[in-house]
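Please look over the structure shown here before reading the briefing. The notes are arranged by topic and can be followed alongside the model.

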Amino acid sequence: MTFNKRTPLVKLNDGYLIPQLGFGVYQIDKKDTVKAVEKAFDCGYKHIDTAKSYGNEKEVGDAIRAQKGHIYVTTKYFNPDTKEHGYEDALAHFEQSYRALGLKHIDLYLIHWPIVKNDGYAAAWKALIELQKSDRVKSIGVSNFTQEHISRIIEETSVVPAVNQIEMHPYFQQEELRAFHKKHDILTEAWSPLGRGKVLDDKVLNDIAKDHHKTAAQIVLRWHMQLGVITFPKSTTPERIEENYAIFDFELSKDEMAAIKALEKGERNGPDPAVYTFPEDLLRKRAASKK
Ligand code: NAD
């Protein structure tokens, strides 16, 4: 078998192509962002996943503009600060993200969280549909949506999101939601693909890693690739950024894929989108940090 040493491109339901492996920049400080993203470009990554709430869109845009070829960029609409989550607010937040990134277009624009208590996500989806009609956004999708949220926006608009970006790693595999995505031709994007590092001491993963002369992180990322999931691990350590991209020169066997499947524990690290208390938590933290 010959291996492509670069990330494959996968086709979204609107026809656009997205590099399957990208680089995530959540919790990367503004001052470290350009350096980390440039390191990712040096390794071959061509896809950056950011969000307005990460506070580093400007730095991501600066690093992308310095590149010659096309870099795929995703950003997200998120507003926990007001009760305005909805149509007008999504348009206003998009303008801010578009200006901060300073790019001709954004490849993929997502609703970051449904924020169910505000009940504005269906209206926000209508705003994203309008935005997609301009040449400033190529593809639109959602993040942290449950089957119920996705069904509602499809029912109200007949527009199917290109992706749903959800928490997913070997201890939280989201099998049911992934099957629902498949049925609707929605691609799954995995956030926290390494379970924020928590899965990396797992014996099964380390045994498989040893057999392939790879690390547990590489095994997990390869597993995501073989499931057809799009993902974007985060790191600011140059060696890890490099390591996380070096997953296209080996393959996991059926038995190894099955052994990883058996690691499911239903262990979520992030908030549950169905109940979703995150905005309050975030506001409380922000208020505390201002004291
Ligand atoms: P992750 O699973 O990518 O884990 C990142 C952590 O794992 C790093 O801090 C690092 O300590 C460790 N790590 C990375 N590579 C390693 C390696 N090779 N060896 C050992 N440890 C390693 O978690 P994440 O940052 O939460 O998620 C990745 C990306 O997903 C984010 O940067 C962001 O772009 C996206 N994300 C989206 C949402 C959402 O709500 N849509 C939420 C969280 C994250």
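What follows covers a helix, a pocket, aromatic pairs and several single residues.

The model is predicted. Among the aromatic residues, a cluster of ring pairs includes Y245 and F248.

- In general, an α-helix has 3.6 residues a turn, so residues three or four places apart point the same way.

**Two residues with positive phi**

- S158, which comes just after α5, lies in the loop between α5 and β8, and its phi is positive, at about 60 degrees, although S158 is not a glycine.
- S158 counts as exposed because its relative accessibility is 61%, which lies over the 50% cut-off.
- Q174 is likewise not a glycine and has a positive phi, here of about 55 degrees, and Q174 is placed in the loop between β8 and α6.
- Buried or exposed, how does Q174 count? With a relative accessibility of 16%, Q174 counts as buried, since the limit for that class is under 20%.

**The second largest pocket**

- The space in the second largest pocket amounts to about 250 Å³.
- Its lining is made up of R178, A179, H181, K182, D185, I186, L187, T188, L227, G228 and V229.
- By residue class, the lining of the second largest pocket holds 5 nonpolar, 3 polar and 3 charged residues.

**Aromatic pairs**

- The count of aromatic pairs comes to 8, and one of them is formed by Y26 and Y54, a tilted pair with 4.9 Å from centre to centre and 45 degrees between the planes.
- Y26 lies in the loop between β3 (23–24) and α1 (30–43), and Y54 in the loop between β4 (47–49) and α2 (57–65), so this pair ties together parts that are 28 residues apart in sequence.
- The two tyrosines fall into separate accessibility classes, since Y26 counts as partly exposed at 32% relative accessibility, whereas Y54 counts as buried at 16%.
- Y245 and F248 form an edge-to-face pair, with 5.6 Å from centre to centre and 70 degrees between the planes.
- Both partners of this pair count as buried, Y245 at 6% relative accessibility and F248 at 5%.
- Ring pairs link Y245 and F248 with F23 and Y45 into a cluster.

- N244 belongs to helix α9 and counts as buried, at 4% relative accessibility.
- Which residues is N244 in contact with, leaving aside its neighbours within four places in sequence? These contacts are L21, Y45, L194, A217, L221 and P233, and Y45 is also a member of the aromatic cluster.
- A246 is located in the loop between α9 (238–245) and α10 (254–261), where A246 is partly exposed, with a relative accessible area of 32%.
- When its neighbours within four places in sequence are left aside, A246 is in contact with K214 and Q218.
- The C-alpha atom of A246 is separated by 9.3 Å from that of R222, a residue 24 places apart from A246 along the chain.

Conventions. Residues are numbered from 1 along each chain as its sequence is written. This is a predicted model: local features need pLDDT of at least 70, side-chain atom pairs count only at pLDDT 80 or more; totals for chains, interfaces and linings use all residues. Side-chain values use heavy atoms; hydrogens and water are left out. On a 1 Å grid over the protein atoms alone, a cavity is a set of points where a 1.4 Å probe fits but cannot get out, and a pocket is an open set with protein on both sides within 12 Å along at least five of seven lines; lining residues have an atom within 4 Å of a point. Grid points are joined across faces, edges and corners, and a volume is the space filled by probe spheres set on the points. Ala, Val, Leu, Ile, Met, Phe, Trp, Tyr, Cys and Pro count as nonpolar, Asp, Glu, Lys and Arg as charged, and the others, Gly among them, as polar. Helices (H or I, at least four residues) and strands (E, at least two) are DSSP runs, numbered from the N terminus. Rings of Phe, Tyr and Trp (its six-membered ring) pair if their centres lie within 6.5 Å; planes under 30 degrees apart count as stacked, over 60 as edge-to-face and the rest as tilted. Buried means under 20% relative accessible area, exposed over 50%, partly exposed in between (1.4 Å probe, protein chains only). Contact means heavy atoms within 4.5 Å.
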